[in-house]
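This report is meant for a reader meeting the structure for the first time. Please keep the sequence and the model in view while reading, and look up each residue as it is named.

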Amino acid sequence: MAEEGSSVKLLGLWPSPYVNRVQISLKLKSIDYEFIEEPFGPKSDLLLKSNPAHKKIPVFFHNQRAISESLIIVQYIDEQWSSGHSILPSNPLDRANARFWAAYADDEWFPALKNILMASEEERLVLEVKMKEGLAFLEETFVKSSEGKAFFGGDDISFLDIAFGSFLGWLKAVEKLTGVSFLDESSVPHLVVWADNFLSHEAVNGIIPEPDALVEVAKMIKAMVESQAKN
């Protein structure tokens with residue numbers, strides 16, 4: 001629950017993995033909030049006003065103060081509502097490693113996943129290799145950090161689970177669109193089991209969009225990009 005008299009709002013779009021991260025964190029902390037749906041297409045005045053530097057979702061509002069960038073928001077939520085479920089690891093080294101791999105997923109791995117949908121055949125092959133390489137890194141990281149337990153954070157989901165797990169809906173959608181299996185038991189068996197555990201977690205279930213819904217979003221985005229390229 002949010003503090004009495006506290007105002008908590010989230011501006012975003014349901015297909016966004018970055019928005020999903022914040023939603024999962026709020027659910028873990030049992031925080032009530034208002035979801036403000038950002039429209040597809042031209043950016044809203046609220047978005048432009050509340051995040052003028054990047055003009056991107058999500059934007060988190062706590063008592064009318066705006067906070068941007070999903071991983072920063074997740075850390076803010078964990079620090080502001082410090083009782084109950086801890087999202088960031090308590091050990092400084094574990095926190096540093098979780099932040100490192102979360103940044104890797106954002107900066108290196110997910111861009112390859114996004115770009116694969118618009119890539120040529122030759123470019124796609126390069127991106128597929130990059131994605132599989134990244135999953136191999138994360139498989140190794142999971143084995144080390146989970147210590148034989150269900151999640152990167154051990155017994156329950158934590159920062160890196162949320163950061164990487166938010167991309168699972170889009171990963172499964174890309175698998176459907178390309179016919180390529182990335183989460184494969186022969187190459188990343190631990191991640192396959194982890195993904196099932198993550199998606200079935202009570203704080204995640206119902207938040208990560210279904211792959212079929214994201215396939216339709218991907219087709220719409222691709223059509224928009226191709227139409228703009230012709231004009």
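## A buried glutamate

In this predicted model, Glu-139 counts as buried, because its relative accessibility is 9% and the cut-off for that class is under 20%. The residue is placed in helix 5, a helix that runs over positions 121-146. Leaving aside residues up to four places away in sequence, Glu-139 touches Val-188, Pro-189, His-190 and Leu-191. Glu-139 can also be related to Trp-194, from which it is separated by 55 residues in sequence and by 9.7 Å in space, taken from C-alpha to C-alpha.

## The nonpolar cores

Leu-191, one of the residues that Glu-139 touches, belongs to the largest nonpolar core, which has 54 residues and in which Ile-24, Trp-109, Phe-164, Leu-191 and Trp-194 touch the most other members. Two or more residues of this core come from each of helix 1 (17-28), helix 3, helix 4 (92-115), helix 5 (121-146), helix 6 (159-165), helix 7 (168-178), helix 8 (189-200) and helix 9 (211-230). Among these elements, helix 4 gives the most, with 9 residues. As a general background, nonpolar side chains in soluble globular proteins tend to be buried together.

Which residues does Ile-24 touch, not counting residues up to four places away in sequence? The contacts of Ile-24 are with Ile-157, Ile-162, Phe-198, Ala-203, Val-204, Ile-207 and Ile-208.

The largest pocket has a volume of about 1200 Å³, and 37 residues line it, with Ser-16, Tyr-18, Ile-57, Lys-114 and Ile-221 lying nearest its centre. Helix 1, helix 3, helix 4, helix 7 and helix 9 each supply at least two residues of this lining, and the largest share, 8 residues, comes from helix 9. By class, the lining of the largest pocket divides into 23 nonpolar, 5 polar and 9 charged residues.

The second largest pocket holds about 560 Å³ of space and is lined by 26 residues, of which Pro-89, Asp-94, Ser-145, Phe-152 and Gly-153 lie nearest its centre. Helix 4 and helix 5 are the elements that give two or more residues to this lining, and helix 5 gives the most, with 6 residues. The lining of the second largest pocket has 8 nonpolar, 11 polar and 7 charged residues.

## Backbone features in the loops

Ile-57, which was named among the residues nearest the centre of the largest pocket, is joined to Pro-58 by a cis peptide bond whose omega is about 5°. Pro-58 is placed in the loop between helix 2 (45-50) and strand 3 (59-62).

Where are the residues other than glycine that have a positive phi? Asn-63, with a phi near 55°, is in the loop between strand 3 and strand 4 (65-68), while Glu-69, with a phi of about 75°, is in the loop between strand 4 and helix 3 (70-80). Asn-63 counts as partly exposed because its relative accessible area is 35%, and Glu-69 is likewise partly exposed, with a relative accessible area of 34%; the limits of this class are 20% and 50%.

Technical notes: Residues numbered from 1 in each chain as written. Predicted model: local features only at pLDDT ≥ 70, side-chain atom pairs only at ≥ 80, totals over all residues. Heavy atoms only, no water. Helix = DSSP H or I, 4+ residues; strand = E, 2+ residues; numbered from the N terminus. Buried < 20%, exposed > 50% of the residue type's maximum accessible area, 1.4 Å probe, protein only. Core = buried A, V, L, I, M, F, W, Y, C linked by side-chain atoms within 4.5 Å. Contact = heavy atoms within 4.5 Å. 1 Å grid on protein atoms, 1.4 Å probe; cavity = no way out; pocket = protein on both sides within 12 Å on 5 of 7 lines; lining within 4 Å. Points joined across faces, edges and corners; volume = space filled by probe spheres on them. Nonpolar A, V, L, I, M, F, W, Y, C, P; charged D, E, K, R; others polar.
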